[in-house]
Amino acid sequence: MRDFSQDHRWLSINTATVRKQHGKDWGLVEILDACARHGIRAVSPWRDQVAAAGLANTARTIRAHGLELSGYCRGGMFTEPNATDENLRALDEACELNATCLVLVVGGLPGALYGKPQHKDLAGAREVVRDGIATLLEAARQRQMPLAIEPLHPTYAAERACINTLEQALDVCDALDPSQSGAIGVAVDVYHVWWDPKLQQQIERAGKRRLHAFHVCDWLVPTTDPLNDRGMMGDGVIEIPKIRGWMEAQGFAGYSEVEIFSANNWWQRAGDEVLATCIERHRSVV
Ligand code: ZN
């Protein structure tokens, strides 16, 4: 297992982690400048942040700083009506920014994200998702942009993602890409999968060719909001080094991407303080 204690070469910042400072939006270009200032080598930006900063402007800043993209957030939402067009746009943006993969949050019951679920057929939603991924995979192969299905914690099944375990995500990968070409794999976010008794087994099943991304934060006790009360690594109950060890035993050698949505804590602080804390915790507890 790689030693992270001496430097932060393998730290990536998911830009949602610092999307606000003191409660106000922090622009993407300023975030990228700050990451470069802190010697951070990789980021994973969100589409809305890129849209606000401008795609060309973002690409230019990323190149100027020599930053890599540990992923691009995000495609998916296959159960929503405009999914196909949005996902093709997301793919093209990921290519333009030279991301290592496009992360997929697959969607839940149609309309549920807006408080108006159109039905209760979760199994049907999972079929729609599978078909949507199959179609997108063709476009992704043409562009040589790997897809990474991110299973979300079951608490998100209705609104955001009806793929809730690594096992489910890998079942889809196996069905769509039996040769394990690397065109489709998974994003393992410890916040979503740490509780799963099959986690180690499924990471082993995935293997290097399907382990596309590794996201870290922590599960606070108590958690006041499953969406926007994520903890800084080391402040909760997730055995992060153990899970990273399982990933690396399979050959995963990519970034540990810090992804913290924290409306009442980290988004209320100065961005530079948050980045400095991410670096310190990356060295000590990731
Ligand atoms: Zn994630």
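Is Asp-177 buried or exposed? With a relative accessible area of 2%, Asp-177 is buried, where buried means under 20% relative accessible area, exposed over 50% and partly exposed in between (1.4 Å probe, protein chains only). The model is predicted, so that local features need pLDDT of at least 70 and side-chain atom pairs count only at pLDDT 80 or more, while totals for chains, interfaces and linings use all residues. Residues are numbered from 1 along each chain as its sequence is written, and side-chain values use heavy atoms, with hydrogens and water left out.

## Asp-177 and its loop

Asp-177 belongs to the loop between helix 6 and strand 9; helices (H or I, at least four residues) and strands (E, at least two) are DSSP runs numbered from the N terminus. A polar atom of the Asp-177 side chain lies 2.9 Å from the backbone nitrogen of Ser-181. Such a polar contact is a pair of N or O atoms within 3.5 Å; within protein, one must be able to donate a hydrogen and the other to accept it, and residues adjacent in sequence count only if both atoms are side-chain atoms. Not counting residues up to four places away in sequence, Asp-177 touches Arg-141, Gly-182, Ala-183, Ile-184 and Arg-210, contact meaning heavy atoms within 4.5 Å. Gln-180 lies in the loop between helix 6 and strand 9, and its phi is near 55 degrees, a positive value in a residue other than glycine. Gln-180 counts as partly exposed at 31% relative accessibility.

## The zinc site

The zinc ion is coordinated by Glu-150 (OE), Asp-189 (OD), His-215 (ND1) and Glu-259 (OE), at 2.0 to 2.2 Å. Donors are N, O and S atoms within 2.8 Å of the metal (3.2 Å for Na, K and Ca); water is not among the atoms, so sites may look incomplete. The arrangement is irregular because the four donor atoms subtend angles of 85 to 153 degrees. Four donors count as tetrahedral if all angles lie between 85 and 135 degrees; four count as square planar and six as octahedral if opposite donors are over 155 degrees apart and all others between 65 and 115; anything else is irregular. The spacing of the donor residues in sequence is E-x38-D-x25-H-x43-E. Glu-150 lies in the loop between strand 8 and helix 6 and Asp-189 in strand 9 (residues 184-189), so the pair ties together parts that are 39 residues apart in sequence. Glu-150 and Asp-189 are both buried.

The loop between strand 8 (147-149) and helix 6 (166-176) also holds Asn-164. Asn-164 counts as buried at 5% relative accessibility. A polar atom of the Asn-164 side chain lies 3.1 Å from the backbone oxygen of Leu-152. Among the residues that Asn-164 touches are Arg-126, Pro-151 and Trp-195.

Leu-104 is placed in strand 7 and is buried, with a relative accessible area of 0%. Glu-93, in helix 4, is buried with a relative accessible area of 14%. Its side chain is joined to that of Arg-47 by a polar contact of 2.9 Å, and Glu-93 also touches Leu-55 and Tyr-72. Asn-98 lies in the loop between helix 4 and strand 7. Asn-98 is exposed, with a relative accessible area of 63%, and has a phi near 60 degrees, a positive value in a residue other than glycine.

## The largest pocket

About 700 Å³ of space lies in the largest pocket. Trp-46, Arg-74, Met-77, Val-105 and Arg-160 lie nearest its centre, among 31 lining residues. On a 1 Å grid over the protein atoms alone, a pocket is an open set of points where a 1.4 Å probe fits, with protein on both sides within 12 Å along at least five of seven lines; lining residues have an atom within 4 Å of a point. Strand 6 gives the most to the lining, with four residues.

## Cis peptide bonds

Arg-74 is in strand 6, and Pro-222 is found in the loop between strand 10 (211-216) and helix 9 (240-249). Each takes part in a bond listed below.

| Cis peptide bond | Omega |
|---|---|
| Cys-73 to Arg-74 | near -10 degrees |
| Val-221 to Pro-222 | about -5 degrees |

Conventions. Grid points are joined across faces, edges and corners, and a volume is the space filled by probe spheres set on the points.
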